[in-house]
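Walk through this fold with the model open beside the text.

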Amino acid sequence: EKDSDFEVSVENSLSGDYIFVKSTSVHKPKTTEVRFISTDDPDLITIYKKREEGVDYELKQSQKFFYELSNEGHGDISTIRRVYIPEESTFPLLLEAGDTDRPKQIEN
């Protein structure tokens, strides 16, 4: 990370199939950018989503999906998106701030 306002952390997905490299701002507004690396192709580093000021998110992985927990548009962690891996497609919204605890129906 070249920007001194950001620190970097690294973690494995629970399955061990991916490595997440997360840059997080040390000053407000909290901003993150996550890159991921498939352990099957460690030479390819992919940016999940470009850095956007004030947008804080985490990635988790389960089977063929990433789950993005984000504050995008709401200010706190309040949305969950399920994303097919590694396809760059639309990111279906599962849960939004103000919703009940039930995730929205999504089509596969």
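Glutamate 68 is buried, with a relative accessible area of 0%. Keep in mind that this is a predicted model. The side chain of glutamate 68 meets that of lysine 49 in a salt bridge, 2.8 Å from N to O. Lysine 49 sits in the loop between β4 and β5, while glutamate 68 belongs to strand β6 (residues 65-70), so the pair ties together parts that are 19 residues apart in sequence. Lysine 49 has a relative accessible area of 17%. The cut-off for buried is under 20%, so lysine 49 counts as buried too.

How many salt bridges are there by this rule? The count comes to seven. Side chains of opposite charge can pair when their charged atoms come close.

Take lysine 60 next. Lysine 60 forms a salt bridge with glutamate 11, and the closest N and O atoms are 3.7 Å apart. This pair links distant parts of the chain. Lysine 60 is in strand β5 (residues 57-62), glutamate 11 is in strand β1 (residues 6-12), and 49 residues separate them. Are these two residues buried or partly exposed? Lysine 60 has 37% relative accessibility, so it counts as partly exposed. Glutamate 11 is at 38%, so it is also partly exposed.

Another pair joins glutamate 33 and arginine 51. Their side chains meet in a salt bridge at 4.0 Å, N to O. Again the link is between distant parts of the chain: glutamate 33 lies in strand β3, arginine 51 in the loop between β4 (45-47) and β5, 18 residues apart. Glutamate 33 has a relative accessible area of 8%, so it is buried. Arginine 51, with 29%, is partly exposed.

Now turn to the strands. β2 is mostly covered, with six of its eight residues buried. β2 pairs with β1 in the antiparallel sense over seven bridges. β2 is also joined to β3 by seven bridges, and these two strands run antiparallel. In β2, valine 21 is the bridge partner of valine 10. Valine 21 also stands opposite arginine 35 in β3.

Two hairpins connect these strands. The hairpin of β1 and β2 has five residues between the strands, and there glycine 16 takes a positive phi near 80 degrees. β2 and β3 form a hairpin with six residues between them.

Which residues make up the largest nonpolar core? It has 11 residues in all: Tyr18, Phe20, Val34, Phe36, Tyr48, Val55, Tyr57, Leu59, Phe66, Val83 and Ile85. β2, β3 and β5 each supply at least two residues of this core. In soluble globular proteins, nonpolar side chains tend to be buried together.

Leaving out residues up to four places away in sequence, valine 55 touches Lys30, Thr31, Thr32, Ser70, Asn71 and Glu72.

Threonine 31 is placed in the loop between β2 (18-25) and β3 (32-38). Is threonine 31 buried or exposed? Its relative accessibility is 4%, so it counts as buried. A polar atom of the threonine 31 side chain lies 3.0 Å from the backbone oxygen of proline 29. Beyond neighbours within four places in sequence, threonine 31 is in contact with Phe6, Ser23, Thr24, Ser25, Arg51, Glu52, Glu53, Gly54 and Val55. That list includes Arg51, the salt-bridge partner of glutamate 33.

End with glycine 54. Glycine 54 is found in the loop between β4 and β5. Its relative accessibility is 26%, so glycine 54 counts as partly exposed. Not counting residues up to four places away in sequence, glycine 54 touches Pro29, Lys30, Thr31 and Asn71. Glycine 54 and serine 25 are 29 residues apart in sequence, and their C-alpha atoms are 9.3 Å apart in space.

Conventions: Residues numbered from 1 in each chain as written. Predicted model: local features only at pLDDT ≥ 70, side-chain atom pairs only at ≥ 80, totals over all residues. Heavy atoms only, no water. Helix = DSSP H or I, 4+ residues; strand = E, 2+ residues; numbered from the N terminus. Buried < 20%, exposed > 50% of the residue type's maximum accessible area, 1.4 Å probe, protein only. Polar contact = N/O pair within 3.5 Å; in protein donor to acceptor, adjacent residues only side chain to side chain. Contact = heavy atoms within 4.5 Å. Core = buried A, V, L, I, M, F, W, Y, C linked by side-chain atoms within 4.5 Å. Pairing = 2+ DSSP bridges.
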